[in-house]
Amino acid sequence: MHSAAQAALSTHRVLRGFVLIVSFISNMALSNACADDLQFSGQIRHLWTVSENNDRDPVSNANQFIPGLIPEYKNDASVQAELHASAHGVTAIATLQGQAFDQGGTEATGWLNELYTGWGENAWQFSIGKKIVSWDVAYGFRPNDMIQQEKRQTFISNSLIGRPVASAEYFDADNSLALVWVNPVHGASTDATVEQAFAARAYHHAGSLDIYGFARYGQETGTSLGSAAAWVANESLELHTSYRYSQQVALLTLVPPPAFLARTAPWQALLINHVQQAAIGMTYTTEEQHSFIIEAWWDGAAPSDKQWQQWNQRNVALGQLASKNASLETPVAYNLAWQANLFSAANNLRRKNLFARWSWKTGAWETAIDALYTPVDKGRTTTASIAWQGDRWHVDAGIRIYGGPSSAVFAQIPQNKLFYTSATWAF
C-alpha cells in the first residue's frame with residue numbers, strides 16, 4: 001500500500017471513535033443550550049500534506065551520516081477537532097489532533113487554545129485566563145503583535161494558542177485602550193512567548209484613519225514602543241504601516257566553541273540591543289472581487305546577513321570535514337542538525353522581505369497566488385491555492401514551492417515543495 005494511504009488509514013484508526021464522541025457531545029450540548037446557557041460549536045478537519053524533501057539542506061546532509069537523526073516525512077495525514085464552548089462568562093477553545101506519518105507512525109495530542117472568564121459593565125471589560133490577543137494591522141508580518149507573536153502565512157487558518165493574561169479594556173465609539181499583564185505566573189525568560197510582561201494598546205478612529213499606539217515592558221527584554229496606522233482611501237484602496245522599536249530581543253547567535261565541532265548546540269539565544277521592525281503595504285479590491293496585497297517589511301529580530309553568511313560557510317566546512325575524515329561523520333551529523341535550529345530562530349528568515357498576493361472570489365470559490373521574496377539572497381516561496389466554501393463544509397488545496405540560488409535560505413529548508421488538501425466540517 002502507498003505510504004500516503006497508510007498514513008491516512010492509520011490516522012482514521014487512531015481517531016475512528018473520536019468523531020462519534022464529538023458528534024454525540026455536540027448534539028447533547030446543542031439540545032441543552034437554552035436550558036444551560038451554553039453555546040457550543042466547533043469543526044473537524046482532515047489535512048493531508050505531501051512534501052518533496054530537499055537534498056542540499058543541513059537536515060538531509062545530517063541524515064546521510066546518521067539515517068533518521070532528524071525524521072523527514074513525505075506524507076502527513078491528520079484529523080483535528082476544534083471545540084468552542086462558552087457559558088456564564090467563561091469561554092473555552094480546545095483542540096484534539098491525531099496524526100499519521102510515513103511507515104504507519106501515529107501520534108495523538110491535544111491542547112487548550114483558550115480558557116478565560118470575562119466580566120464588566122458599560123465601557124470597561126475585564127478578563128483573566130488563557131486568551132488569544134492579536135494586535136497590529138499588516139498581513140504578512142505584524143511587528144506590533146506584542147502578545148500573541150503569531151507566525152503568518154500558514155496554509156490553513158487555525159485558532160491560535162492563547163497566552164496567560166489578565167487584562168482590562170476600555171471602549172467607546174472612537175477609542176479603545178487595552179492593558180494586559182502577560183504570562184503573570186512565569187519566571188524570567190528571554191523568550192517573548194513566555195516572558196512575563198506588561199503590554200498596552202491605544203486606538204483612535206478618525207474618519208477613514210485608524211491610529212494605534214503600542215507599548216510593552218518585558219521582565220528580561222525591557223521596553224518596546226510601536227505605532228501603526230491604516231487608512232481607507234476609498235472603497236477599493238487601503239494603506240497601512242507599522243513600526244516597532246525594542247530595547248532588547250533574544251536571537252539565536254553562533255557562539256564559537258573551543259573546537260570547530262561543537263559538543264552542544266552552538267546557536268544560542270542571546271539578547272541583542274536596539275532592534276527595529278517595520279512594515280508598509282496596501283490592499284486593493286476590484287468590483288469583480290479581485291484582491292491584491294503588496295507589502296514590504298524589515299525585521300531586525302531576524303538573523304542578520306552576517307549570521308546567514310556564517311551559517312552557509314559552516315555548512316560547507318562541515319561537509320568538507322566529513323568527506324576528509326570518515327571517523328568524524330557522527331559529530332558532523334549532530335553539528336549539521338544543530339544548523340537547522342536557525343530556521344526557527346524568528347518569525348522571518350531574512351530581515352528584508354517583499355510580499356505580494358492576488359486572490360479572486362467568485363461564488364463559493366476562491367483562488368489565490370502569493371509570493372514572498374528575500375532580495376538579499378534572491379530566495380523565494382510561491383503558494384497557489386484554491387478553496388470552496390459551502391454551508392458547513394470548507395475544502396482547500398494548494399502547493400507551496402521554495403527556491404532561489406543554492407546559497408539562498410529558502411533553497412535550503414528541509415522541504416522544497418509541499419502539496420496539501422484539507423476538508424473542514426463545521427458544527
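This is a predicted model: local features need pLDDT of at least 70, side-chain atom pairs count only at pLDDT 80 or more; totals for chains, interfaces and linings use all residues.
Helices (H or I, at least four residues) and strands (E, at least two) are DSSP runs, numbered from the N terminus. Residues are numbered from 1 along each chain as its sequence is written, and side-chain values use heavy atoms, with hydrogens and water left out.

I start with a pocket. A pocket is defined on a 1 Å grid over the protein atoms alone, as an open set of points where a 1.4 Å probe fits, with protein on both sides within 12 Å along at least five of seven lines; lining residues have an atom within 4 Å of a point. The second largest pocket has a volume of about 580 Å³, where volume is the space filled by probe spheres set on the points, and the points are joined across faces, edges and corners. Its lining has 29 residues, and Gln149, Ala192, Val249, Ala250 and Ala345 are the ones nearest the centre. E11 gives the most, with 7 residues. By type, the lining has 11 nonpolar, 10 polar and 8 charged residues. Here Ala, Val, Leu, Ile, Met, Phe, Trp, Tyr, Cys and Pro count as nonpolar, Asp, Glu, Lys and Arg as charged, and the others, Gly among them, as polar.

Next, the cores. A nonpolar core is a set of buried Ala, Val, Leu, Ile, Met, Phe, Trp, Tyr and Cys residues joined through side-chain atoms within 4.5 Å. Buried means under 20% relative accessible area, exposed over 50%, and partly exposed in between, with a 1.4 Å probe and protein chains only. The largest core has 23 residues, and those touching the most other members are Trp267, Trp297, Trp308, Trp311, Leu342, Phe343 and Leu349. At least two residues each come from E11 (237-254), E12 (267-285), E13 (290-299) and helix H5 (305-324). E11 supplies the largest share, 3 residues. A second, separate core has 14 residues, including Trp135, Val137, Ala178 and Val180.

Now to one arginine. Where is Arg350? Arg350 sits in the loop between H6 and strand E14 (352-362). Arg350 has a relative accessible area of 6%, so this residue counts as buried. Its side chain makes a polar contact of 2.8 Å with that of Asp305. For a polar contact, a pair of N or O atoms lies within 3.5 Å; within protein, one must be able to donate a hydrogen and the other to accept it, and residues adjacent in sequence count only if both atoms are side-chain atoms. Contact in general means heavy atoms within 4.5 Å. Leaving out residues up to four places away in sequence, Arg350 touches Ala302, Asp305, Trp308, Thr374, Val376, Asp377 and Val409.

H6 itself spans residues 329-339, and its buried residues are Val332, Ala333, Asn335, Leu336, Ala337 and Gln339. Their cover includes helix H4 (58-65), E12 and H5.

Last, two histidines. His88 is not a glycine, yet has a positive phi of about 55°. His88 lies in the loop between E2 (75-87) and E3 (90-101), and counts as exposed because its relative accessibility is 64%. His274, in strand E12, also has a positive phi, near 55°. At 57% relative accessibility, His274 is exposed.
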